[in-house]
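Biologist: I am new to this structure. Please take me through the terms as they come up.

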Amino acid sequence: MTHFLWVEDFKASENKNAPPMMDNPADNIVSSTIDSVFGSILDIITLNDNCEDIYDVRDFLKEKGIFLKLNLLEALEFIRNPDELAKIDFIVLDVDMPICRKEQEDVNDYLPNLIKEYESESELGRIAGYPIYIELVIELGFPKSHILFCSNHAKYFDELQSKFKNAKIKLPVSPNPEKAFLEKEDKAEINHWLDEAHRDYFVLRRGIIEGCRAISKNLTEKCLSFNGFIEPEKQVNLEDMRDYLSVLENFLPLREPSDADKSVLYKLFIRTLTHEWEATEPKKIRGLAWIMKSTRNWITHNSTLFNALDEIMVAYLFMINMRLMFSFDEAVQPYEKILITLFKDDDLPLLDTFKNQASSKLFPLSKAYLELKNIVLDERQEKSNNVQDGFYFNELANNLQQSNSSFRNDKILFSKLIYQMFWLTTSNPFISTGNRRNLLEIKFWDFNYAEKPYLFELARYIYSRSFS
């Protein structure tokens, strides 16, 4: 879920600067305007059923990642606060809007200089979106392509365009090359812009930011489950982990890089994400922790494996890593809900069917295990490959990676192994006779993936990538 700042007055400037009310939600200006701009990504029926006034609307929109500001002062207070501005990825600006509410106090004296510059409140109000845009782009370096002018006040477009021309500033970027400023009726162009704003890169970036912020905010000594994988003399502390989270939070830039630069960026992100696992003690590693320990080892010694990471793999490793390093609620977290939207629903198993599978061991674990085991056994026939045998899934994968086999550079194979490790380090193999050479008797631990909500949700969404 991409986050938006929306500066919109709902024609309050034409009604004595009073905030609009939701007296008749079915056909009022508020709901119709929301539908015009964000209708393609919002359930407008839910809005109408639950919102009675503009302050309820604010709460509803905020839950959907849209931060609504109703006048110029509210917008300035938001964008001039770095913590607030960091919450959003894209901005929709009205043109004409109230300067502020009558009862609203300008505690920072933001307005007097602007009113003086524009000669009067009415002059400033007619094109109030302009100074917001200029401050965002010129002063704060906000990407122009992330800002959309969208207004019902088309009568002020000429004045606004003249303002840009006189200041020798290029007109804003718009999905319509012929119209720098869109009207609410330009739904096709608005929806195209919203689609671009929900590209996988921006969803990944927002999910990582929200995850790091939420964990850092609630971090306590008891939450540092990562210390369970480390010898006592190497234990991490709260300051270390807050610094670590801060680095991850600020890693992906707001401007989406080119595909080539993004490939490098994702690899560096995973290297940074997994770096802390260097300090872990192998004998303390268990379960899903083998995913992160293996990823750290592989990216360190054969980084070409990670040259073509996609947003889904980065999100998957980030979610696994956060769950291992920090202990918190077993419910699916808000940031996890954002990242899970990256996984496409095309091959998603049906909910009830998957619950039955999760509790009755119907997953193709033996097939995945034996495919890897056979690769290792076949490669061992070639002595120059120096492939060592193993029994556990992570052991087999790591032995293959440490060999001279051509398989060690197979990006597709090892990407799949990272997903399969989710299943085969929790449902570990065993042979009741104790003879590990007898693969015909191999069985797997009974692990219920439906037991914890976050595990179940992640398992369902990575299933097709693990076994297809």
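Modeller: The axes of helix α15 (residues 311-325) and helix α20 (residues 411-424) come within 12 Å and cross at roughly 35 degrees. This is a predicted model, in which local features need pLDDT of at least 70 and side-chain atom pairs count only at pLDDT 80 or more, while totals for chains, interfaces and linings use all residues. Residues are numbered from 1 along each chain as its sequence is written, and side-chain values use heavy atoms, with hydrogens and water left out.

Biologist: What makes a stretch a helix or a strand, and what is an axis?

Modeller: Helices (H or I, at least four residues) and strands (E, at least two) are DSSP runs, numbered from the N terminus. An axis is a line fitted to C-alpha atoms, for helices over the stretch in contact, and angles run from 0 to 180 degrees between N-to-C directions.

Biologist: Why is the crossing of α15 and α20 called left-handed?

Modeller: A crossing is left-handed if the near helix is turned anticlockwise from the far one by less than a right angle, and right-handed if clockwise. α15 passes α20 in a left-handed crossing. The contact (heavy atoms within 4.5 Å) is made by Ile312, Met313, Tyr316, Leu317 and Ile320 of α15 and by Ser415, Ile418, Tyr419 and Phe422 of α20.

Biologist: How many residues of each class are in that contact?

Modeller: Eight are nonpolar, one is polar and none is charged. Ala, Val, Leu, Ile, Met, Phe, Trp, Tyr, Cys and Pro count as nonpolar, Asp, Glu, Lys and Arg as charged, and the others, Gly among them, as polar.

Biologist: What makes asparagine 321 a buried residue?

Modeller: Buried means under 20% relative accessible area, exposed over 50%, and partly exposed in between (1.4 Å probe, protein chains only). Asparagine 321, in helix α15, has a relative accessible area of 0%, so the residue is buried. Asparagine 321 touches Tyr244, Leu273, Trp277 and Met292, not counting residues up to four places away in sequence.

Biologist: How do you know that the side chain of asparagine 321 makes a polar contact?

Modeller: A polar contact is a pair of N or O atoms within 3.5 Å; within protein, one must be able to donate a hydrogen and the other to accept it, and residues adjacent in sequence count only if both atoms are side-chain atoms. The side chain of asparagine 321 makes such a contact with the side chain of tryptophan 277, at 2.8 Å. Asparagine 302, in the loop between α14 and α15, has a side-chain polar contact with glutamine 401, also at 2.8 Å.

Biologist: Is asparagine 302 buried or exposed?

Modeller: Asparagine 302 has a relative accessible area of 7%, so the residue is buried. Asparagine 302 touches Gln401, Arg408 and Asn409, again leaving out residues up to four places away in sequence.

Biologist: Why is arginine 205 called buried?

Modeller: The relative accessible area of arginine 205 is 11%, so the residue is buried. Arginine 205 sits in helix α11 (residues 200-217). A polar atom of its side chain lies 2.9 Å from the backbone oxygen of leucine 252.

Biologist: Why is proline 282 called partly exposed?

Modeller: Proline 282 has a relative accessible area of 44%, so the residue is partly exposed. Its place is in the loop between α13 (259-274) and α14 (289-301).

Biologist: What makes β1 and β2 a pair?

Modeller: Two strands pair if DSSP finds at least two bridges between them. Four bridges join strand β1 (residues 4-7) to β2, and the two run parallel. Phenylalanine 4 stands opposite isoleucine 66 in β2.

Biologist: What is the order of the strands in the open sheet, and why are β2 and β5 called edges?

Modeller: The open sheet has five strands in the order β2-β1-β3-β4-β5, with parallel pairing. β2 and β5 (182-183) each have a single partner strand, so one side of each is left without a neighbour in the sheet.

Biologist: Which way do the residues of β2 point, and which helices lie across the strand?

Modeller: From β2 (residues 66-69), Ile66 and Leu68 point one way and Phe67 and Lys69 the other, and all are buried. Helix α3 (residues 54-63) lies across β1 and β2 at about 150 degrees to β2, and helix α4 (residues 72-79) lies across them at about 135 degrees to β2. The buried residues of α3 are Ile54, Val57, Arg58, Phe60 and Leu61.

Biologist: How many helices and strands are there in the protein?

Modeller: The protein has 21 helices and seven strands. Buried residues make up 52% of its 468 residues.
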